[in-house]
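Please view the sequence and the structure together before turning to the points below.

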Amino acid sequence: MNKQNGYVLDTTYPVFFYKEMQPLWLKTIVSFLGFQTPDITEEFSYLELGCATGVNLIVAAINNPDGNFVGIDFNQQHIEKAKQLANSIGVKNIKFIHTDFAHFLVENKCKFDFIVNHGTFSWVSPEVQKNILDIVAHFLNNTGLFYLHYMCYPASASLHSVQKLLS
């Protein structure tokens with residue numbers, strides 16, 4: 001397995017769908033808690049850091065035609081698969097970029113209403129973690145939402161069945 005800064009380079013991650021990353025889910029939960037949220041009935045922007053093969057982004061883009069979706073990933077295989085899938089079903093409001101977080105931090109010029117990161121944060125080096133947080137600090141709109149999923153499965157493996165039941 002080829003790794004750099006804790007990130008696997010030569011293995012395509014398995015395909016999973018996480019409803020918690022969807023704009024409607026995020027907006028509903030945060031609104032329920034009494035906070036202001038982006039309006040997803042109008043044009044909005046959404047960034048996934050470490051998008052893998054793009055399944056979550058593609059589902060979000062299909063269900064939110066007014067959204068503009070961007071996914072970045074360091075793994076070229078992920079980006080290629082994501083682009084192929086999006087193109088094969090004709091999703092137009094989505095863009096996949098092969099880059100790492102450090103380069104994105106320097107090259108990006110856009111602000112986002114949503115920034116999400118599922119699982120990668122717990123597997124990458126402290127330097128890469130800082131890049132993720134810097135991206136959020138620089139590119140999240142004032143009323144934007146940041147979703148960070150810290151994957152700690154090995155330590156919580158005994159709770160897996162309870163989590164599935166509650167989900």
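The points that follow are grouped by topic.

This is a predicted model, in which local features need pLDDT of at least 70 and side-chain atom pairs count only at pLDDT 80 or more, whereas totals for chains, interfaces and linings use all residues. Residues are numbered from 1 along each chain as its sequence is written, and side-chain values use heavy atoms, with hydrogens and water left out.

**Nonpolar cores**

- The largest nonpolar core has 22 residues, of which Tyr46, Leu57, Phe69, Ile94, Phe96 and Phe114 touch the most other members. A nonpolar core is a set of buried Ala, Val, Leu, Ile, Met, Phe, Trp, Tyr and Cys residues joined through side-chain atoms within 4.5 Å; buried means under 20% relative accessible area, exposed over 50%, and partly exposed in between, with a 1.4 Å probe and protein chains only.
- Two or more residues of this core come from each of H1, S3, H2, H3, S5, S6 and strand S7 (140-149). Helices (H or I, at least four residues) and strands (E, at least two) are DSSP runs, numbered from the N terminus.
- Helix H2 gives the most to this core, with 4 residues.
- A second, separate core of 17 residues includes Ile72, Phe112, Val128 and Ile132.

**Helix H2 and its surroundings**

- Helix H2 spans residues 55-63, and Val55, Asn56, Leu57, Ile58, Ala60 and Ala61 are buried in it.
- These buried residues of H2 pack against helix H1 (23-32), strand S3 (44-49), strand S4 (67-73), helix H3 (76-89) and strand S5 (94-98).
- Alanine 52 is located in the loop between S3 and H2, and it is buried, with a relative accessible area of 15%.
- The phi of alanine 52 is near 55°, a positive value in a residue other than glycine. Most residues other than glycine have a negative phi.

**Strands S3 and S4**

- S3 and S4 pair in the parallel sense over 6 bridges; two strands pair if DSSP finds at least two bridges between them.
- Serine 45 stands opposite asparagine 68 in S4.
- Strand S4 is largely enclosed by the rest of the structure, because 6 of its 7 residues are buried.

**Aromatic residues**

- The whole structure contains 5 aromatic pairs. Rings of Phe, Tyr and Trp (its six-membered ring) pair if their centres lie within 6.5 Å; planes under 30 degrees apart count as stacked, over 60 as edge-to-face and the rest as tilted.
- The rings of phenylalanine 44 and phenylalanine 114 form an edge-to-face pair, with centres 5.5 Å apart and planes at 70°.
- Phenylalanine 44 lies in strand S3 and phenylalanine 114 in strand S6, so this pair ties together parts that are 70 residues apart in sequence.
- Phenylalanine 44 is buried at a relative accessible area of 2%, and phenylalanine 114 is buried at 0%.
- Tyrosine 46 and phenylalanine 114 form a tilted pair, 5.7 Å centre to centre with 40° between the planes. This pair links distant parts of the chain, 68 residues apart, with tyrosine 46 in strand S3 and phenylalanine 114 in strand S6.
- Tyrosine 46 is buried, with a relative accessible area of 1%.
- Phe44, Tyr46, Phe69 and Phe114 are linked into a cluster by ring pairs.
- Leaving aside neighbours within four places in sequence, phenylalanine 69 is in contact (heavy atoms within 4.5 Å) with residues including Pro23, Phe44, Tyr46, Leu57 and Ile94.

**Asparagine 117**

- Asparagine 117 is found in strand S6 (residues 112-118) and counts as buried, at 0% relative accessibility.
- A polar contact of 2.7 Å joins its side chain to that of threonine 120. A polar contact is a pair of N or O atoms within 3.5 Å; within protein, one must be able to donate a hydrogen and the other to accept it, and residues adjacent in sequence count only if both atoms are side-chain atoms.
- Beyond neighbours within four places in sequence, the contacts of asparagine 117 are Leu49, Gly50, Phe101, Ile132, Tyr147, Leu148 and His149.

**Methionine 21**

- Methionine 21 is found in the loop between strand S2 (7-8) and H1, and counts as buried at 0% relative accessibility.
- Methionine 21 and phenylalanine 146 are 125 residues apart in sequence and 9.9 Å apart in space, C-alpha to C-alpha.
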